Amino acid sequence: MTKVELADGVILLMGYNSADKKLDRRLVYFVADRIIPMLIDRLAKSQGMSAEDVADNFITVKDADVKFSTKRQGLFADLPTPMMNIAGFSSIRQVGDSQDETTVFVPVKQGQQSIIKNLEVGGLGGRVGYRLEANRLWFINMPQGEYSSVMVKYLPSITGLKEDEQITIPASVEADLINMIKQSLEEQKITPEDKTVNNADNK
């Protein structure tokens with residue numbers, strides 16, 4: 001299911017099928033970004049799993065170009081699209097070598113880098129680490145020139161995807177997602193004016 005197919009499915013299900021009264025797709029995307037974390041949590045509870053494990057069924061895999069910052073004298077990569085906000089765990093599921101999935105980089109929290117700098121080989125056992133700042137990954141111990149791009153597995157925001165891009169979601173819960181978005185948007189639905197009544201009142 002693509003991003004636009006999701007929006008059109010919700011729009012049609014809500015009865016907006018005329019050109020003059022139609023729900024804006026952007027509102028559907030906005031609501032979807034808030035519904036998906038709820039759907040993940042619901043699935044986790046029903047399946048007796050952690051939300052973090054269930055979230056791995058919703059990830060997308062993209063390559064991100066590695067660049068050098070002259071200001072900070074470090075290597076970084078920007079996420080191809082914004083990530084989804086999920087409470088309790090990171091939307092970045094894995095970062096590693098785009099040519100070899102077995103080479104996985106080590107996530108480093110904000111407060112850990114100063115400690116790591118004082119440890120042997122950066123405290124990462126010679127492995128490459130990364131730290132997330134907003135939608136940018138900063139790399140630690142990455143040899144300059146060794147990587148032109150990295151592979152990132154993450155939960156993207158629906159809003160940030162292209163219109164024709166596929167949404168990674170188990171087929172078994174596509175209908176649940178559409179119905180949950182529809183339910184959330186019910187109060188937004190606008191009933192077309194009854195022009196006959198209005199005209200009669202104006203006579």
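Let's start in a loop: Q73 sits in the one between strand 2 (67–69) and strand 3 (74–78). Strands here are DSSP runs of E with at least two residues, helices are runs of H or I with at least four, and both are numbered from the N terminus. The phi of Q73 is near 50 degrees, a positive value in a residue other than glycine. Q73 counts as exposed because its relative accessibility is 56%; the cut-offs are under 20% relative accessible area for buried, over 50% for exposed and in between for partly exposed, with a 1.4 Å probe and protein chains only.

Before going on, keep in mind that this is a predicted model, where local features need pLDDT of at least 70, side-chain atom pairs count only at pLDDT 80 or more, and totals for chains, interfaces and linings use all residues. Residues are numbered from 1 along each chain as its sequence is written, and side-chain values use heavy atoms, leaving out hydrogens and water.

N141 has a positive phi too, about 65 degrees, and N141 is not a glycine either. Look for N141 in the loop between strand 8 (136–140) and strand 9 (149–154). With 33% relative accessibility, N141 counts as partly exposed. Now look at I140, which is found in strand 8. I140 counts as buried, because its relative accessibility is 9%. I140 and V106 are 34 residues apart in sequence, yet their C-alpha atoms are 9.0 Å apart in space.

Time to zoom out. The chain has 6 helices and 9 strands, and 41% of its 203 residues count as buried. Take the contacts (heavy atoms within 4.5 Å) between residues at least 6 apart in sequence: 68% of them join residues at least 24 apart. The chain exposes about 11900 Å², with carbon and sulfur atoms supplying 48% of that area; the area comes from the Shrake-Rupley method with a 1.4 Å probe, and for residues only the protein chains shown count as cover.

Next, the start of the chain. T2 lies in the segment before helix 1 (3–13), and T2 is buried, with a relative accessible area of 10%. What does T2 touch, not counting residues up to four places away in sequence? The answer is E163, D164, E165, Q166 and I167.

On to the helices. Two packed helices are described by the angle between their axes and the distance between the axes. Axes are lines fitted to C-alpha atoms, for helices over the stretch in contact, and angles run from 0 to 180 degrees between N-to-C directions. Helix 1 and helix 2 pack at about 105 degrees, their axes 9 Å apart. That makes helix 1 roughly perpendicular to helix 2; angles of 65 to 115 degrees count that way, while under 35 is roughly parallel, over 145 roughly antiparallel and the rest oblique. On the helix 1 side, K3, V4, L6, A7, D8, V10 and I11 meet R25, V28, Y29 and A32 in helix 2.

Helix 2 (residues 25–47) also packs against helix 5 (residues 174–185), at an angle of about 120 degrees with axes 9 Å apart. Helix 2 and helix 5 are therefore oblique to each other. Their contact involves, among others, V28, A32 and I35 of helix 2 and L177, M180 and I181 of helix 5.
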